[in-house]
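The entries follow in the order I looked.

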Amino acid sequence: MQTLLIFAHTFWEDSKVNKALLESAKSLNNLTIHNLSTTYKDYKIDVESEIALLQKADRIIFQFPLFWFSTPSLLKEWEDRVLSAIFHSDNPKLLEGKTFSIITTALGEESSYDGSDGYGINALLSPINNAFFYLGAKVEEAFCIFSANVDNLPLQKYLAKLR
């Protein structure tokens, strides 16, 4: 099974947590790490290239730090450009039969995202999941690393989500 990990981070150069996670993932077979933050510094998404990557993947995983209860802007730009192109193409069910999930990091404690102060983590991520579901992908449960700190990363759980 080929997995495509699509990653974005607004402050990639200063990242510690996500850099450590991606570094640990490099050891896995059948995993393509696609860092939008280094590929598209100018935010000019090559839609045809992105669709070609999606076609090769059996599983698609978005990884990003949660910023103000959402994705980094580059990942949202990717969604707008690439998913819209798929939807309006001759093959709008390109993602049918593929699985999709989210891995995200949050500085806050898990209790900050349990819904008692607003929306819980699953509600916050639901627009992304719904977009992939709408295009035919099977959506799997998200994995969130709460209180993310480079000194306490659950690397084995993270790697298991990528396998």
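**Entry 1: overall size.** The model I am reading is predicted. For 163 residues the rule puts a compact globule near 15 Å, and the protein has 15 Å, so the two agree. I also looked up the box that the C-alpha atoms fill, which is roughly 45 × 35 × 30 Å along the principal axes.

**Entry 2: surface and burial.** I noted an accessible surface of about 8,900 Å² for the protein. Carbon and sulfur atoms account for 50% of that surface. Of the 163 residues, 46% are buried.

**Entry 3: order of elements.** I counted 6 helices and 6 strands. Read from the N terminus, the order is β-α-β-α-α-β-α-β-α-β-β-α. I then looked at how far along the chain the contacts reach. Taking contacts between residues at least 6 apart in sequence, I found that 81% join residues at least 24 apart.

**Entry 4: the largest pocket.** What volume does the largest pocket have? I wrote down about 340 Å³. Its lining consists of 19 residues. Those that lie nearest the centre of the pocket are P65, F67, T105, A106 and L107. I sorted the lining by class and got 12 nonpolar, 5 polar and 2 charged residues.

N30 has a phi near 60°, which is positive, and N30 is not a glycine. I placed N30 in the loop between α1 (17-25) and β2 (31-35).

S147 is not a glycine either, and its phi is positive at about 50°. I found S147 in the loop that runs between β6 (143-145) and α6 (155-162). With a relative accessibility of 28%, S147 also counts as partly exposed, because buried would require a value under 20%.

**Entry 5: recap.** I leave the page with a 15 Å radius of gyration that agrees with the globule rule, a largest pocket of about 340 Å³, and positive phi values at N30 and S147.

Technical notes:
Residues are numbered from 1 along each chain as its sequence is written. This is a predicted model: local features need pLDDT of at least 70, side-chain atom pairs count only at pLDDT 80 or more; totals for chains, interfaces and linings use all residues. Side-chain values use heavy atoms; hydrogens and water are left out. On a 1 Å grid over the protein atoms alone, a cavity is a set of points where a 1.4 Å probe fits but cannot get out, and a pocket is an open set with protein on both sides within 12 Å along at least five of seven lines; lining residues have an atom within 4 Å of a point. Grid points are joined across faces, edges and corners, and a volume is the space filled by probe spheres set on the points. Ala, Val, Leu, Ile, Met, Phe, Trp, Tyr, Cys and Pro count as nonpolar, Asp, Glu, Lys and Arg as charged, and the others, Gly among them, as polar. Helices (H or I, at least four residues) and strands (E, at least two) are DSSP runs, numbered from the N terminus. The radius of gyration is taken over C-alpha atoms; the globule rule is 2.2 Å times the number of residues to the power 0.38. Buried means under 20% relative accessible area, exposed over 50%, partly exposed in between (1.4 Å probe, protein chains only). Contact means heavy atoms within 4.5 Å. Accessible areas come from the Shrake-Rupley method with a 1.4 Å probe; for residues, only the protein chains shown count as cover.
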